[in-house]
Amino acid sequence: MPHDAELSEFLAALTSYESEDAAVRSGLLRIAEVFDAEIAALVSDGAVLRAFGFARDDQREADVLRIATGESSSITLDSVGECAAIATKVGDEPEVRLVIARSSGAFSPREVTPLKSMGRILMLTLRLLANASAERELREMTELRTQEAERRLQDQLAQRELLESLLAVQRLISHRLPLQEILEAVADEASTRLGADAVVATVEGVNGAESIFVSAGTAAGKSLVGTPAGAKACGLEAAALPDAIDAPRPLAIGTAGSDIREALVLSAPILEGDRALGSLHALWTDDGPAETATATEAFRAFAGHAAMAITDASTVNELNHAFHDPLTGLPNRSLFLDRLEQASTRARRTGERVALLFIDLNGFKEVNDTLGHAEGDQVLRIIGGRISACTRGHESVGRLGGDEFAVLLEDATQESALEVANRVLVTLRGTTVALDGQASIGASIGIALTDNDCDTGDELLRRADIAMYNVKSTGESGAAVYRGHMGHSRMDHRATAAAFERALADGQFVVHYQPIVSLNSRVPVGVEALIRWRHPDRGLMEPAEFIPDVERSGMIVDVGRWVLLEVSKQCVRWRAASEHTRNLTVSVNLSGYQVLGSLATHLTDALDGSGLEPSALVLEVTESIFLGDFEAAGDCLNEARSLGVRLALDDFGTGYSSLSYIKRFPFEQLKIDRLFVRGLGGPANGVALVKTIVELGQRLGMTTIAEGIERPIELAQLRSMRCALGQGFLFSHPAEASAVTELLLLPPPAAAGVADVVAP
Amino acid sequence: MVVFASPRLELRAVLEGIRDVSGAVPMIGCTTAGEIATGAVRDHSVAISAIGGAGFSAATARASAASDDLFTAGAGAAQCIDEVAGAQHRVLLLLTDGLAGDQQEVVRGAYSVVGAGVPLVGGCAGDDLAMKQTLQLHDGEVLEDSIVAAAIGSDAPIGIGVRHGWQPVGEEMLVTESRGVSVREIDHMPALDVYLERLDAPEGARSDPAAFTRFALTHPLGIQRRGVQEVRFISGADFETRSLTCIAEVPEGGTAFFMTGDRQSVIDGTSAACAEALEPLEGRHPLGVMAFDCIARRGVLGSAGVQDEMRAIEALTGGAPVVGFYSYGEIARTRGVRGFHNQTLVALALS
């Protein structure tokens, strides 16, 4: 996709040329640059007008013509190799096609619209320049009537104005104005340039967006078609139109009872590639445009710009998605922390205070467990919206993960922060979940403000977290501002190193396993090991509830070593048990603290102690381990790899998602977080995101594993994307080894089990 | 022969001296902002390399009055490619006048002649940062406002590497207002304020232009284009209008990010460029390496860093001769049509 900036530059550059030849050559080369192409050529009526990228003595005309006619979609160049090629029609009489080819990969359908637009701009420029040179000749031929010269001059001026109109629209796209406003500008400019009584644009709602209707023109024109109903009554709808509409068509307008008049309508589809997104209509109640061919071409350029605006708006949406939590639409952890850091930096300078509210929901786990994840998601969405509603515009709300939210307040005081916290508590109290009326959601809110010895985002987060735990320990919903002594009291109610030592010795830690299956056959090929703590008082605890404490207590190294040995032994047992579990792998989550400890020794101990084949052990790490000591983490992973153990990148896409991690370390597997998987079966954006990750994995030669597959539609879509492996409730919940054994040892399902879901 | 010479020298005498030894060998060259020759960076010196022997062919050309029409000049200088038409591997070496306008036009002109099959490489002549006039050299003549080119043909593979050595920091942003080289708004806020805040610039750089320039030297602006990141050195700030001034155009509406670099990252960039240049050699020992190194990188490296950079190059090239110069812009086109770079090191390896 070219950036709009490049389109604007392109337009500005072309209007600066004075000869057709210079404009063609610069236009083609600049188009090649924007699309990273080696070849750019203009083909007219079966002949190559101009081509770039070939050696002078071998212009490959026959090959270029084959691409222009669509007979071929690639071309092989000496010393370059095979190039993907594409052709698009940019002019009608004579038929002109633009051909480009590049070595760096195939063209996507989304590139067609901007390519066509650039081609049309090039054609308009050429026409303008042709007129200009004709004009020069005219001036020299004194015998010609002055009026004729006048008319030509007027044409030329009109063309220049048209280019300026298009440039104005380009600027609006560059400035990322709301789509509605850009389309209004398109309609407005088009009605002015074409002298139409009205111009309307109708765009269908795509990807969950609302449909848009805009109109511009004279009062008379707008009274006819200025509303969606009026336009519909006149037959000007968003319905798909044929690509080639060469002239205005007559149309009867007005309703029965009023005057029915003949008008002229010119329509053009708004296309993205071959897909019609909507249409643009111009209406004349008098004689129609002065010159039909010019008007039609100009009108199509406006429609092209409308398409660009729509394409661009959806691109911006996608960009936003990368930094927003797909579930609630709130800033995700990385964006929120970035904003927090910036606010703290600003506060250091201005002396104003920043407050951070750390909100942890109470009772959410019950909702999830009882009602399922889909219902849980719905609750999170509602709560995210309610928390946002409690804050004013300049305050920023983020979802830090799970059931944790945070609010950032600038220019805050302790009082104002408590006020917001109270608002949140009150509004949440009203959020009772329809679970036989019994489950209600509360929250523990910890508050921290910047001061002399707390002026960074990290410290704020740490303090707010401590304050939050202080509230949580009371067992009630509430809010508290951080106080110095809390740092200690917090450890009081939390498990200490001694407690974990005891738990380890008493065998309170257990490992649950969730099968990882081949998505095509549903046959288990591995298991992910998940630690649980069978707490004597609190029951079975999930890792999120105690691992942070284990890490802080320093016991993570010992607990991690135990897990490695335990799962290795279990895996050996399974591999020995049956022919089809012979190659079973076991995946273990690695904590950042383990990575910095003596991981290699522990791995060797586990492998030697169990006799497990190293390649059967997969270490899952998240991107967060690189945030500390990058080099040390890297060394440690490389060392693990050299032992023959395999590496998987976990939770890809939820954190920093820097490709540099993937490229620098020998990861063999890429795990797609459940957040993304849950976006499947919904709007196209969610699907595209997963597809991008799967393709990324494939390109880098990594196996992709989708997590949290719960619905058949998710499985079907993942299969169609050729995602190899997956795990989730659809196949099996995590369970103790004995419970999983049966599932693993079952003979592979025959064909009957495979075809239960049909890809759409 | 390729000659890189200090602008302070009496160049006609230098060329005479060279010709006394070499005779009428085809020769191109230019003035510099520092000369590089195996193991050392010098000022006020001459660095000469001779390319030839079995398996090599070469031809040179020049185009004058380049600033009148850079495209045509680029195309004119590229004509010499025909004289090495039979060679299995070819490259066109261009030495241009970076003060004469948009050098991508030169690249376009040369590309229109040689096509996609011949890579372009080279740099813009320097004048020890005086920014007044650079000179080009061709077959014993001293030229101004010119482009000189050498077409080199070889039986063995030729490698080209390009790297800048800067890393993006923070989120991507939008350039919401810019005019040419002046960036006025980023994300709808005054560009200078966004720059200072996001990078948490030191107090001095917030009011003192000299301190700002020092800070900006290691914190350029990056702009994203399809498949490539381009680096824009920020040369100054307007504390009144809160805008940033860059040394090359920054398009409005484009995606941008701030970048940071230090000695080490610049040297890492150098190593990566050399490694990239050596890759197509498929294990053959390089006969020689030519480096076109941006003058702004020299500023970041300082005199000690420059020595480290040379050592980094030698560590990879295994004792092969290295020659090059500090330039006002670098040329490297191996893919697509874009080939003019800023803030980069371009390495050419022959085998």
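The exercises below work through a predicted model of chains A and B.

**Exercise 1. Decide whether A:Asp465 is buried or exposed, and find what it touches.**

Step 1. A:Asp465 belongs to helix α14 of chain A, which spans residues 457–472.

Step 2. Count its surroundings. Within 10 Å there are 21 other C-beta atoms. The cut-off for a buried residue is 20 or more. A:Asp465 is therefore buried.

Step 3. List contacts, skipping residues up to four places away in sequence. A:Asp465 touches A:Phe358 and A:Gly446.

Step 4. A:Leu357 is 108 residues from A:Asp465 along the chain, yet their C-alpha atoms are separated by 8.9 Å.

**Exercise 2. Describe the contact between chain A and chain B from the side of chain A.**

Step 1. Count the residues on each side. Chain A gives 36 residues and chain B gives 25.

Step 2. Locate the helices involved. In chain A, α1 (4–15), α2 (20–34) and α10 (333–350) each supply at least two residues of the side that touches chain B.

Step 3. Sort that side by class. The chain A side has 13 nonpolar, 10 polar and 13 charged residues.

**Exercise 3. Characterise the packing of helices α11 and α12 of chain A.**

Step 1. Recall the two quantities needed. Two packed helices are described by the angle between their axes and the distance between the axes.

Step 2. Read them off. The axes of α11 (residues 364–371) and α12 (residues 373–389) of chain A come within 6 Å and cross at roughly 145°.

Step 3. Name the residues that meet. From α11(A) come A:Phe364, A:Val367, A:Asn368 and A:Leu371. From α12(A) come A:His373, A:Glu375, A:Gly376 and A:Val379.

Step 4. Classify them. The contact has four nonpolar, three polar and one charged residues.

**Exercise 4. Work out the strand order and pairing of the five-stranded open sheet in chain A.**

Step 1. Write the order. It is β2-β1-β5-β4-β3, with antiparallel pairing.

Step 2. β3(A) pairs with β4 (residues 81–91) of chain A over four bridges, in the antiparallel sense. Here A:Ile75 has A:Cys83 in β4(A) as its bridge partner.

**Exercise 5. Trace the largest nonpolar core.**

Step 1. State its extent. The core has 213 residues. Among those with the most contacts inside it are A:Ile100, A:Leu183, A:Ala306 and B:Leu92.

Step 2. Find the main contributor. Helix α9 (residues 292–322) of chain A gives the largest share, 11 residues.

Step 3. Follow one member. Beyond its neighbours within four places in sequence, B:Leu92 is in contact with residues including B:Ala78, B:Ile81, B:Ala110 and B:Ala149.

Step 4. Look for a separate core. Another, of 69 residues, lies apart and includes A:Val586, A:Ile672, A:Phe676 and A:Leu718.

Methods: Residues numbered from 1 in each chain as written. Chains lettered and ligands numbered in written order. Predicted model: local features only at pLDDT ≥ 70, side-chain atom pairs only at ≥ 80, totals over all residues. Buried ≥ 20, exposed ≤ 12 C-beta atoms within 10 Å, placed from the backbone. Contact = placed C-beta atoms within 7 Å. Nonpolar A, V, L, I, M, F, W, Y, C, P; charged D, E, K, R; others polar. Axes fitted to C-alpha atoms, helices over the stretch in contact; angles between N-to-C directions. Core = buried A, V, L, I, M, F, W, Y, C linked by C-beta atoms within 7 Å. Pairing = 2+ DSSP bridges.
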